[in-house]
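I opened this model to see how it is put together. These are my notes, in the order I looked things up.

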Amino acid sequence: MPKPLAAESQRLTKGRARPMTDCTSTSKHNTNQEKSQVLHARARLLKAALHYAAQGLKVFPLKPRDKIPLTQHGVKDATQLQAAIREYWWKYPNANIGLSCDGLLVLDFDGKAGAESKKQLTAKYGELPRTWRVRTGGGTQAKPKERGEH
């Protein structure tokens, strides 16, 4: 059973995180509510990482609100193993979720230029097939390759 992360627990304050040990609130209710919100946010990240793995994708932890890997070998540490994913998000509970794109064809349409490129692509080849869509700063679409596709 994992040990509590009391020293690493954080709470959200106006969109920013700060250690729970710095909490100046005198209300036990507010402190418990804040802890609950943080635990819920962390649980959502873990749940999402496990969901992606169940869909056949390999995941790894990234620095919060960034694309920098938190593991020694980055994308090479990506996994579908639930135990490993739980360990990653226990160690890095606020980590973004990185996906290994191995075996995927990724189309990235960023900003106005990306929207124009997508428009030209669909005009020439028709609508893109329904597929996974990943929200990023500009927007990404990913489609798993079929066997035999290159």
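The entries below go from the overall picture to single residues.

**Entry 1. Ground rules.** I am working with a predicted model, so I noted that local features need pLDDT of at least 70, side-chain atom pairs count only at pLDDT 80 or more, and totals for chains, interfaces and linings use all residues. I number residues from 1 along each chain as its sequence is written, and side-chain values use heavy atoms, with hydrogens and water left out.

**Entry 2. Confidence.** I checked pLDDT, the predictor's confidence in each residue, from 0 to 100. The mean for the protein is 75. I found that 69% of its residues reach 70 or more. Residues 1-27 stay under 50. For that stretch the model has 39 contacts beyond four places in sequence. Contact here means heavy atoms within 4.5 Å.

**Entry 3. Layout.** I listed the secondary structure: 3 helices and 7 strands. These are DSSP runs, numbered from the N terminus; helices are H or I with at least four residues, strands are E with at least two. Along the sequence I read β-β-α-β-α-β-β-α-β-β. Among contacts with a separation of 6 or more, 57% join residues 24 or more positions apart.

**Entry 4. Surface.** The protein has 150 residues, and 24% of them count as buried. My cut-offs are under 20% relative accessible area for buried, over 50% for exposed, and partly exposed in between (1.4 Å probe, protein chains only). The protein exposes about 11400 Å². Carbon and sulfur atoms supply 53% of that area. The areas come from the Shrake-Rupley method with a 1.4 Å probe; for residues, only the protein chains shown count as cover.

**Entry 5. The core.** Which residues make up the largest nonpolar core? I found Ala 49, Leu 50, Ala 53, Val 59, Ile 85, Tyr 88, Trp 89 and Ala 95, 8 residues in all. Helix H1 (28-54) and helix H2 (82-91) are the elements that give two or more residues to this core. A nonpolar core is a set of buried Ala, Val, Leu, Ile, Met, Phe, Trp, Tyr and Cys residues joined through side-chain atoms within 4.5 Å.

I then took Ile 85 and left aside neighbours within four places in sequence. Ile 85 is in contact with Leu 46, Ala 49, Leu 50, Ala 53, Val 59, Thr 79 and Gln 80.

**Entry 6. Aromatics.** I found 1 aromatic pair in the structure. Tyr 88 and Trp 89 form it, edge-to-face, at 6.4 Å centre to centre with 70 degrees between the planes. Rings of Phe, Tyr and Trp (its six-membered ring) pair if their centres lie within 6.5 Å; planes under 30 degrees apart count as stacked, over 60 as edge-to-face and the rest as tilted. Both Tyr 88 and Trp 89 are buried.

**Entry 7. The loop between E3 and H2.** I looked at Thr 79 in this loop. Is Thr 79 buried or exposed? Thr 79 counts as buried because its relative accessibility is 10%. Its C-alpha atom is 7.5 Å from that of Ala 53, 26 residues away along the chain. Beyond four places in sequence, Thr 79 touches Leu 57, Lys 58, Val 59, Ala 84, Ile 85 and Tyr 88.

Gln 80 sits in the loop too. Its relative accessibility is 36%, so Gln 80 counts as partly exposed.

Pro 64 is in contact with Leu 70, Asn 94, Ala 95 and Asn 96, neighbours within four places left aside. Pro 64 and Pro 93 are 9.3 Å apart, C-alpha to C-alpha.

Arg 65 lies in the loop between strand E3 (59-62) and H2. I noted its positive phi of about 55 degrees, although it is not a glycine. Most residues other than glycine have a negative phi. Arg 65 counts as exposed because its relative accessibility is 74%.

**Entry 8. Helix H3 and after.** I checked the length of H3 (residues 111-125). The 15 residues should span 21 Å at 1.5 Å a residue, and the end C-alpha atoms are 21 Å apart, so the two agree. The expected span is 1.5 Å times one less than the number of residues. Just after H3, Gly 126 takes a positive phi of about 95 degrees.

Leu 128 is in the loop between H3 and strand E6 (132-134). Leu 128 counts as partly exposed because its relative accessibility is 21%. Its C-alpha atom is 9.1 Å from that of Lys 118, 10 residues away along the chain.
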